[in-house]
Amino acid sequence: MRKLTTVLTVGALALGVGACGKKNGGGDSASAGKELVYRSSWGADEPQGKAIKTLFDDFAKETGAEVDVKFVGRKGNDNLATEMAAGQGPDLFDTSTDTIDRFAAQNLAAPLDDVLKKQVPGESKPVSQVLSKAVRGASSTDKGLAFVPHTVISTAVWFDASRHPVKTPKSWEEFVAYLDTAKQAGRTPIGQDGTINFYNVYWFYSALVRANGEGSMKALATDPAAWDRPEVLEAAKKVERLARGGYFQKDFMATKFPAAQDGWAQGQYDLNLNGTWLAGETKPKLAAGAEVTSFQLPVGGAESVEVGTLGWGVNAKGRNPETAKEFLAFALKKEYAQAMSRSALSIPAREDVPAPAHLAGIQQDVTRAKATHRTYDGAAADQKWWNDVFLPIDDKLVSGKSDAAAFVEEGKAATAAHLKNKG
């Protein structure tokens with residue numbers, strides 16, 4: 001899952017043309033001529049790929065559509081947008097909360113509000129009633145629903161209760177007190193894969209946006225004056241405190257992924273701030289009887305919860321948009337949400353389908369949240385600012401090479417220069 005979201009986050013959807021494909025068809029003659037083309041950025045042997053294959057097989061069988069599915073993984077090319085702009089490319093493409101804005105801005109993602117009105121086959125509910133408001137919002141642009149999700153992703157602090165029971169901290173001071181207690185007991189409180197810069201960002205991003213709500217981080221990419229807001233310095237001070245407190249493992253900025261998360265899974269570190277895919281990725285390393293669970297980073301304020309989604313977009317210039325939309329309603333049948341959840345150890349987009357046990361808590365956080373925000377608060381949409389401006393200065397803050405005040409000063413100046421050059 002991390003590998004897919006990494007690709008989506010940086011906008012390099014690896015959807016090449018040289019991988020294995022399959023065509024299915026069937027059904028009655030009334031469906032003759034119905035076609036659907038999908039190139040999947042999942043691998044055919046991944047749990048998600050296997051679940052998706054079954055889904056498309058069933059759609060072909062039940063509707064009579066001729067379905068062409070290619071599993072190209074993350075090693076293909078990144079020319080999807082170019083292909084789609086030229087009137088080529090698949091009918092359906094993989095996308096996420098992080099990347100859909102760029103497709104929508106180029107008018108490559110077909111608007112899908114009409115799908116919300118479609119009935120989920122075999123059920124009495126339309127699509128709009130099986131997706132929560134937060135999930136629909138995470139899958140939308142200002143033009144409306146932009147893709148139909150199958151998976152919810154979020155960020156939390158993870159621990160194995162069988163090794164390190166943690167009484168959920170209710171405040172930042174309680175959280176730091178736990179870190180101090182673990183350190184005094186001779187344990188390493190936090191495992192951090194410091195070479196993964198967008199993992200390092202989780203600390204500042206979570207501290208800022210959980211406390212101050214949607215838009216508080218995105219503003220940093222669009223307005224240099226936003227860096228002067230006191231809550232920005234306050235969030236940076238929290239990260240500085242972690243960096244200077246010796247809570248991460250030794251030489252964590254040189255850790256080769258996935259050493260830190262594997263070390264966490266093996267009990268070397270108490271905590272790991274990461275995405276909802278963590279337990280799935282580290283499953284082979286977890287001890288028998290592991291009780292993986294999580295809590296939200298406790299920073300007070302709005303207590304906003306991250307809600308991101310992964311799903312399928314429809315090529316606005318594709319050849320079979322109506323069949324693609326029919327598939328999207330079909331794909332939301334409860335049985336497929338359950339299958340994806342079980343096989344991929346993920347939170348289903350349908351809120352009436354329970355997540356695996358280790359994700360039950362964060363699914364509940366999402367459902368009960370009074371405030372929510374999208375992945376990275378949408379700040380990664382400007383890739384040049386994100387990659388060239390923000391990630392480097394955040395790395396310096398997390399590593400302890402700069403302090404909170406320097407982080408704010410440099411961020412403001414670099415953002416102003418970026419926007420000036422951007423025009």
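Predicted model: local features only at pLDDT ≥ 70, side-chain atom pairs only at ≥ 80, totals over all residues.
How exposed is Asp228, and what does Asp228 count as? At 47% relative accessibility, Asp228 counts as partly exposed. On this scale, buried means under 20% relative accessible area, exposed means over 50%, and partly exposed lies in between (1.4 Å probe, protein chains only).

Residues are numbered from 1 along each chain as its sequence is written, and side-chain values use heavy atoms, with hydrogens and water left out.

## Salt bridges across the chain

Let us return to Asp228. The side chain of Asp228 meets that of Lys412 in a salt bridge, at 2.7 Å from N to O. This pair links distant parts of the chain: Lys412 sits in helix 18 (residues 404-422), Asp228 in the loop between helix 10 (218-222) and helix 11 (230-244), and they are 184 residues apart. Lys412 is partly exposed too, with a relative accessible area of 32%. The rule for a salt bridge is a side-chain nitrogen of Lys or Arg within 4 Å of a carboxyl oxygen of Asp or Glu. By this rule, the count comes to 21 salt bridges.

Another of these joins Lys34 and Glu326, at 3.1 Å from N to O. Lys34 lies in the loop between strand 1 (21-24) and strand 2 (35-40) and Glu326 in helix 14 (residues 321-331), so the pair ties together parts that are 292 residues apart in sequence. Lys34 is partly exposed at 21%, and Glu326 is partly exposed at 27%.

Arg350 and Glu123 also form a salt bridge, with their closest N and O atoms 3.0 Å apart. Here Arg350 counts as buried, at 1% relative accessibility, whereas Glu123 is partly exposed, at 22%. Salt bridges that share partners join Glu123, Lys334, Arg350 and Asp352 into one network.

## Nonpolar cores

A nonpolar core is a set of buried Ala, Val, Leu, Ile, Met, Phe, Trp, Tyr and Cys residues joined through side-chain atoms within 4.5 Å. The largest one has 116 residues, and those with the most contacts inside it are Leu92, Phe204, Met217, Phe327 and Trp386. Helix 9 (residues 197-212) gives the most to this core, with 11 residues. A second, separate core of 9 residues includes Leu80, Phe93, Ala109 and Phe147.

## A sheet of four strands

Strands of a sheet pair through backbone hydrogen bonds, either parallel or antiparallel. In this model, an open sheet of 4 strands has the order 9-10-8-11, with mixed pairing; two strands pair if DSSP finds at least two bridges between them. Strand 9 (188-190) and strand 11 (292-295) are the edge strands, each pairing on one side only.

Strand 9 and strand 10 (residues 269-275) pair in the parallel sense over 2 bridges, and Ile190 stands opposite Leu271 in strand 10. Helix 9 lies across strand 8 (155-160), strand 9 and strand 10, running at about 85° to strand 10. For such angles, axes are lines fitted to C-alpha atoms, for helices over the stretch in contact (heavy atoms within 4.5 Å), and angles run from 0 to 180 degrees between N-to-C directions.
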